[in-house]
Amino acid sequence: MTVPLHLGIRAHDFEQTSLPQLICKLQQYKFSHIQFAIKKSFPESVTSLSALSPGTAAYFGEAFRQAGVRIAVLGCYVNIVDSDPEKQAVALADFNTHLRLACDFGASLVGTETGSVGNGYTPDNFTEEAFQRVVTSVTAMVAEAERFGVTVGIEAGLNHPLYTAPLMHRLLDLVPSNNLQVILDCANLMSPDNYLQQEAVITEALELLGNRIAVIHLKDFTIQEGQIQIVPVGKGQLQFAPILRYMKYIRPHLQGILESTPEADLQQSVDFLLRLYDEV
């Protein structure tokens, strides 16, 4: 029997709507799981991330559970390397709130990218100092995750202090805890300099990160005027075959999460992934 492809989506890739309508959309596309960043999907329920309560978490978590939808990633995308100490402290406190409430949401993994030491893009992100800021923050986050029996999911991203698979592997070595896992987004590892060697980049990521990969983001890109541009899945240049082959044969039942595919393109993208999954 062929292992099925487990597809989900970031909830906030749908336009903001009511909780019942969101659940209907998830069921319409037969998504078994989601990445849920509550402030992005239901901002009226979140006056601030630090104000989240167990009741808020239970309300949303129970609604998804009854609908048969699992929160694979509880999204808390904060800047954990902010060069302003006060802002960084708030970011880490917000992340810790999500760790504390993860079980109330029915989630076991709280995810984030690393952010930026500047205000948006800065070459300072590519320094050893920036990487060490990641290590310091992630060490503290993982210690908190261990207290609550949940997992920190870190995602590498182009132009962030954590922007390659080898850097992610180094982080895993420096924070040796199974409560630290990887959210792998292969499109985030692409740049105008390496996309023509993307098969090697993808293979390296899958081999280096291996069983520390908890979830895979499925996102596509193209190159426009020498820059990476995100496009709906199946309409770009990312080579999905090695990723889907890995999900099918090496890590069966590993969850995939569609990202940055508008609803207008969603069915076509889902069909593309299912067809390719059958072929690999």
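Lysine 30 is exposed in this predicted model, since its relative accessible area is 74%, over the 50% that marks exposure. The residue is found in the loop between helix H1 (19-28) and strand S2 (33-36). Its backbone has a positive phi of about 60°, although lysine 30 is not a glycine.

A second residue with a positive phi is glutamate 225, where phi is near 50° and the residue is again other than glycine. Glutamate 225 lies in the loop between strand S8 (220-224) and strand S9 (227-231). Its relative accessible area is 81%, and glutamate 225 therefore counts as exposed.

Serine 191 also has its place in a loop, the one between strand S6 (180-185) and helix H7 (198-209). Is serine 191 buried or exposed? Its relative accessibility is 13%, which is under the 20% limit, so serine 191 counts as buried. When residues up to four places away in sequence are not counted, serine 191 touches Leu158 and Ile228. Of these two partners, Ile228 falls within strand S9 (227-231).

| Residue | Relative accessible area | Class |
|---|---|---|
| Lysine 30 | 74% | exposed |
| Glutamate 225 | 81% | exposed |
| Serine 191 | 13% | buried |
| Cysteine 76 | 2% | buried |
| Cysteine 103 | 54% | exposed |

**Cysteines**

A disulfide is a covalent bond between the sulfur atoms of two cysteines. How many disulfides does a search of the whole structure find? The search finds zero. Cysteine 76 is in no disulfide, and the nearest cysteine sulfur, that of cysteine 103, is 15 Å away.

**Helix packing**

Two packed helices are described by the angle between their axes and the distance between the axes. Helix H3 (residues 54-66) and helix H4 (residues 85-105) have axes that come within 8 Å and cross at roughly 40°. H3 and H4 are therefore oblique to each other, and their crossing is right-handed. On the H3 side the contact involves Pro54, Ala57, Ala58, Phe60 and Gly61, which meet Leu101, Asp104 and Phe105 in H4. By class, the residues of this contact between H3 and H4 divide into six nonpolar, one polar and one charged.

The second pair is helix H8 (residues 241-250) with helix H9 (residues 263-279), which pack at an angle of about 65° with their axes 9 Å apart. That angle makes H8 roughly perpendicular to H9. The crossing of H8 and H9 is right-handed. Which residues make the contact? From H8 they are Ala241, Leu244, Met247 and Lys248, and from H9 they are Leu273, Leu276, Tyr277 and Asp278. The contact of H8 with H9 has six nonpolar residues, no polar residues and two charged residues.

Key
Residues numbered from 1 in each chain as written. Predicted model: local features only at pLDDT ≥ 70, side-chain atom pairs only at ≥ 80, totals over all residues. Heavy atoms only, no water. Disulfide = S-S within 2.5 Å. Buried < 20%, exposed > 50% of the residue type's maximum accessible area, 1.4 Å probe, protein only. Axes fitted to C-alpha atoms, helices over the stretch in contact; angles between N-to-C directions. Helix = DSSP H or I, 4+ residues; strand = E, 2+ residues; numbered from the N terminus. Parallel < 35°, antiparallel > 145°, perpendicular 65-115°, else oblique. Left-handed = near helix turned anticlockwise from the far one by under 90°. Contact = heavy atoms within 4.5 Å. Nonpolar A, V, L, I, M, F, W, Y, C, P; charged D, E, K, R; others polar.
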